[in-house]
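Me: Could you walk me through this model before I set anything up? I'll paste it here and ask as I go.

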Amino acid sequence: MTDVVVTGLGATTPLGGDVASTWDALLAGRSGVSRITDDWAKEFPAQLVARLAQEPAEQIDRVRARRLDRSQQVAVIAAEQAWAASGAAGAGVDPLRIAVVFGTGIGGALTLLGQDDVLEEKGPKRVSPFTIPMLMPNGPAAAVGLAVGARGGVHAPVSACASGAEAIRWGLDLLRFDRADVVLVGGAEACVHPLPMAGFAAMRAMSTRNDEPERASRPFDKARDGFVLGEGAAALVLERADSARARGAQVHARLAGAGATADGYDLVAPHPEGEGAGRAIAAALRDAGLSPSDIGHVNAHATSTPVGDTAEAAAIRDSVGDHVLVTATKSQTGHLLGAAGALESVFTILALRDQVVPATANLDDPDDDAAVQALDIVRREPRKASLTAAVNDSFGFGGHNIALVFTTA
Amino acid sequence: MSEDIQAGLAEILEEVAGVAPADATPEKSFTEDLDVDSLSMVEIATAVEDKFGVAIPDDELGNIKTVGDAISFIQKNK
């Protein structure tokens, strides 16, 4: 099977404007969560958000930014970082052999809602001609494709909070099927606005621990009460190992395998025993040619919702076992929805590189659930470990499950 | 009069399309010289309507190719 490696990483997140600052903040235990101070939030049950640490305006040209939705701005920022870091631009890759796969869960919600305000207040003639390209869910992928001159195909998987992970799986397939030589993959999300906040709150999916923002996202903890909405993007450059090594690229990790399943159970509720999630992880292990005992670490999707975390704990226990070091980095980043799988893959790769598993913040009192109790969830401080293979899993409303297996370079 | 219009137009071009004000001279073609695309032209037209109090019908917009065309349209219709 084609050996696929990761040669570039990029991110802009609630913890930092790039990969290095984000990773440092994660290991230092810093939180990206704060309370919304805008007037509109005063009546909201859930008032917490994990906003970008660095505004896109500081990283992207003004004229360029004004025709990109915020979700597209963060996509381009993360993708250009990864692209530059990979050195692929200077390696003479044929643009016809460069592909992009970039997912988003929500798309250009800020543009859609903002232009609806314009329509209501000023009429149809004042609606921006950029409305459609800024709101379309393939917008982040298209903007990234233009930014790097990709002409080998630009794709936009949309599977809610699994979108970023699905993009990575799709990239792996493109390389295995020899559809491209280099694939820039990732996920982007930026939808902090009253409407999505009200919608998620109406589902009772969000934490209402408004007085303790930094303690609100607490995956696997007994007192967890929902997720915290985050914004940002992450990107990875994938290519075949032989061509990456031939051009002397720095290899961060191997993308050894991927698995995708659907729950077929409920539109939004996860299967209580994580059946589909566990099958995705098992499929990814088979795809990678690894056995559960090879896996040393799982970066869990764990969003801090009451039902999701226990279902996932069961899935991890049943598919990989209880020997792995589990972490839930959303405890510090919040939930970046369609960017989550990409960002957590970056964290998984860095854990393999640095041989350290970040701690799950706010895990003061692990849930009594048997599967949660069985797992070795890293908490209080990062743990040094000897790791050769690790899993990142992601799940989305709709019953989408994606698992990715990374191994050390 | 025409200088005021040119200056006002240059402001809009800078805001919408990042055109340096010194480049917004009458002989310049929006698409050929200033790299303004069709969607940005629509935004510029809307901004011109607001700033100068003129109405630019869609079939007129296609005839406005240069900064000078825009200036004379505004002068005639103001």
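Me: Before anything else, what are the ground rules here?
Reply: This is a predicted model, in which local features need pLDDT of at least 70 and side-chain atom pairs count only at pLDDT 80 or more, while totals for chains, interfaces and linings use all residues. Residues are numbered from 1 along each chain as its sequence is written, and chains are lettered from A and ligands numbered from 1 in the order in which they are written.

Me: OK, how many helices and strands are in chain A?
Reply: Chain A has 14 helices and 16 strands, counted as DSSP runs numbered from the N terminus (helices are H or I with at least four residues, strands are E with at least two).

Me: And why call chain A as compact as a globular protein of that length?
Reply: Its radius of gyration, taken over C-alpha atoms, is 20 Å, close to the 22 Å from the globule rule for 409 residues, so chain A is as compact as a globular protein of that length. That rule is 2.2 Å times the number of residues to the power 0.38.

Me: How much of chain A is buried?
Reply: Buried residues are 60% of the 409 in chain A, where buried requires 20 or more other C-beta atoms within 10 Å of the residue's own, with C-beta atoms placed from the backbone.

Me: Switching topic, which way does phi go at L337(A), positive or negative?
Reply: Positive, near 50°, in a residue other than glycine, whereas most residues other than glycine have a negative phi. L337(A) sits in the loop between α12 (330-333) and α13 (340-354) of chain A, and it counts as buried because it has 32 C-beta neighbours inside 10 Å.

Me: What about N362(A)?
Reply: N362(A), also not a glycine, has a positive phi of about 65°; it lies in the loop between β12 (356-357) and α14 (370-374) of chain A, and its 26 C-beta neighbours inside 10 Å make it buried.

Me: What is the strand order in the open sheet of 3 strands?
Reply: The order is β2-β3-β7 in chain A, with mixed pairing, and strands pair if DSSP finds at least two bridges between them. Strand β3 (residues 48-50) runs parallel to β7(A), with 2 bridges joining them, and V49(A) stands opposite L229(A).

Me: Last one, how many residues of chain B contact chain A?
Reply: 6 residues of chain B are in contact with 5 residues of chain A, contact meaning C-beta atoms, placed from the backbone, within 7 Å. Helix α2 (residues 38-52) of chain B gives the largest share of chain B's side, 4 residues.

Conventions:
Buried ≥ 20, exposed ≤ 12 C-beta atoms within 10 Å, placed from the backbone. Contact = placed C-beta atoms within 7 Å.
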